[in-house]
Amino acid sequence: MNRSASQPVSLKRYTSGIQVLWSETADTAQLCDRLAEIAEEQPVALAIVWFSVNRHEPAELVSGLQQRCPSLPYCGCSTSGEVTPDGMQENGFIAILLPSRWFEARCAVMTDAANLGMESIAELSARHKEQFLESLTATDESHTQFALLLIDGLSYSEETVTVAIDRGLEGMPLVGGSAGDDLHFDKTWQICNGQVLSGAAILTLIDCKLPCRLFTNNNFVPTEHKLVVTEADPDLRRVNEFNAEPAALAYANAIDMKPDELYSGSFASYSVIIRFGGEYYCRSIQQLNDDQSLTFFCAIDNGLVMTLARSEGMVASSRQAIEELEQHVGTIDILFGFDCIYRKLDALHRQTTHRVAELYREKNFVGFNTYGEQFNSMHINQTFTGIAIGVPPEQVQAVEESQTESKR
């Protein structure tokens, strides 16, 4: 890792050759310049760029990338915070560069994804998969192919789009994150190879020659409190009533608060969950509305039974999930992906932010804070979700010896 007063963009190079750039203060031109320098040093299969709209204007970012490194393939989206090798940051960027030695990638853009229709999305995804597999220079059973989805987090369409993509991919595993806009809830942005978009979904298919595994984890368990949706507007993801009472009142009573005391921190710390396929998944509340209704980050409908949840402990739950990954992947080189913004707010509310950040630094997790996550066919909330990449097999022993030495 290096950082200097004259270079506001930090860099970490991992054992596999994956490189991560990040900064909380650099401007867009500095980001583009640094990406161009790295792209010239080694062949890059894909750059994944996550950025704050408070500091980086999407059109300026795309224009800069086109001018400085026109041959660099990239995809990305706006965030509500970033997780870097240094820890949590606000209003900056993080870029992950996957080297061609270990990766091949191909992007497809779905503009106005909410109105494409499930059949069209499934067909596009199937065609994209076929073309990607045909384009691979070499593959064998040791390779892992997976899909990376970046989608507008304010499109109210993540569920249908994810289900349709999963249908088209026919078994290829998928992981993804919903773009944010620093909790303004106004407009999110997606970028891909010269395009500046909003309301879009970017589907990137990746072939990985290293040990690799997708994961998702949440830290909530059910309580005895049930909240039944008795009146809702599914198109707006808005619940008007729980248990035949104004939604905000019923929810506030369940967590021993008053409706006018509700805010993003309470929504983050007192999540509601639903049971699906034997597992519980969060359905996070986005905001309280003036009419006492509640708007959600995920799809809702009349008759849906929700359960108030309690936290098992974010740090312990995340550590356990990573240790399980280590059993499958071996020594992990890097974890990258998606950490829901409500996990960040929950950690802040419980004053455990420093412990979460320490765990992420220890376990090499980087990514961005999302408005939701995708895992295979599911759109979910309040999870820690992403991809674990293992150390190249020929370097495992050296890395393990180095880690042992550093702990002494």
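1. Let's start with Tyr156, which counts as partly exposed at 36% relative accessibility. Keep in mind that this is a predicted model. You'll find Tyr156 in the loop between strand 10 (144–152) and helix 4. Its phi is worth a look: the value is positive, about 55 degrees, although Tyr156 is not a glycine.

2. Gln382 sits in the loop between strand 27 (378–380) and strand 28 (384–390). Is Gln382 buried or exposed? Gln382 is buried, with a relative accessible area of 0%. For Tyr156, by contrast, the label is partly exposed.

3. Go on to helix 4, which covers residues 158–169 and includes Glu158. Glu158 is a charged residue, yet it is buried, with a relative accessible area of 0%. What does the Glu158 side chain make a polar contact with? The partner is the side chain of Ser178, at 3.2 Å. Setting aside neighbours within four places in sequence, Glu158 is in contact with Ile151, Asp152 and Gly153, and also with Ser178, Arg237, Gln374 and His379.

4. Helix 4 also has a helix partner. Helix 3 (residues 118–135) packs against helix 4 with the axes 7 Å apart and an angle of about 40 degrees. That angle makes helix 3 oblique to helix 4; angles under 35 degrees would count as roughly parallel. The crossing of the pair is right-handed. On the helix 3 side, the contact is made by Met118, Ile121, Ala122, Ser125, Ala126 and Lys129. Helix 4 brings Thr160, Val161, Val163, Ala164, Ile165, Arg167, Gly168 and Leu169. Sorted by type, the residues of this contact come to 9 nonpolar, 3 polar and 2 charged.

5. Another pair to look at is helix 7 (residues 314–329) with helix 9 (residues 353–362): their axes come within 9 Å and cross at roughly 15 degrees. So helix 7 is roughly parallel to helix 9. Helix 7 passes helix 9 in a right-handed crossing. Which residues of helix 7 and helix 9 meet? From helix 7 come Met314, Val315, Ser318 and Arg319, and they meet Arg355, Val356, Leu359 and Glu362 in helix 9. The residues of that contact divide into 4 nonpolar, 1 polar and 3 charged.

6. While you're at helix 7, find Ile322, which also belongs to that helix. Ile322 is buried, with a relative accessible area of 1%. Not counting residues up to four places away in sequence, Ile322 touches Ile332, Leu335, Lys363 and Phe384. Look at Ala388 too: it is 66 residues from Ile322 along the chain, and the C-alpha atoms of the two are separated by 8.7 Å.

7. Last stop, helix 5 (residues 247–254). Why is helix 5 described as largely enclosed by the rest of the structure? Because 6 of its 8 residues are buried. The buried ones are Ala247, Ala248, Ala250, Tyr251, Ala252 and Ala254. Just after helix 5, check Asp256, where phi takes a positive value of about 60 degrees.

Note on methods: Residues are numbered from 1 along each chain as its sequence is written. This is a predicted model: local features need pLDDT of at least 70, side-chain atom pairs count only at pLDDT 80 or more; totals for chains, interfaces and linings use all residues. Side-chain values use heavy atoms; hydrogens and water are left out. Axes are lines fitted to C-alpha atoms, for helices over the stretch in contact, and angles run from 0 to 180 degrees between N-to-C directions. Helices (H or I, at least four residues) and strands (E, at least two) are DSSP runs, numbered from the N terminus. Angles under 35 degrees count as roughly parallel, over 145 as roughly antiparallel, 65 to 115 as roughly perpendicular and the rest as oblique. A crossing is left-handed if the near helix is turned anticlockwise from the far one by less than a right angle, and right-handed if clockwise. Contact means heavy atoms within 4.5 Å. Buried means under 20% relative accessible area, exposed over 50%, partly exposed in between (1.4 Å probe, protein chains only). A polar contact is a pair of N or O atoms within 3.5 Å; within protein, one must be able to donate a hydrogen and the other to accept it, and residues adjacent in sequence count only if both atoms are side-chain atoms.
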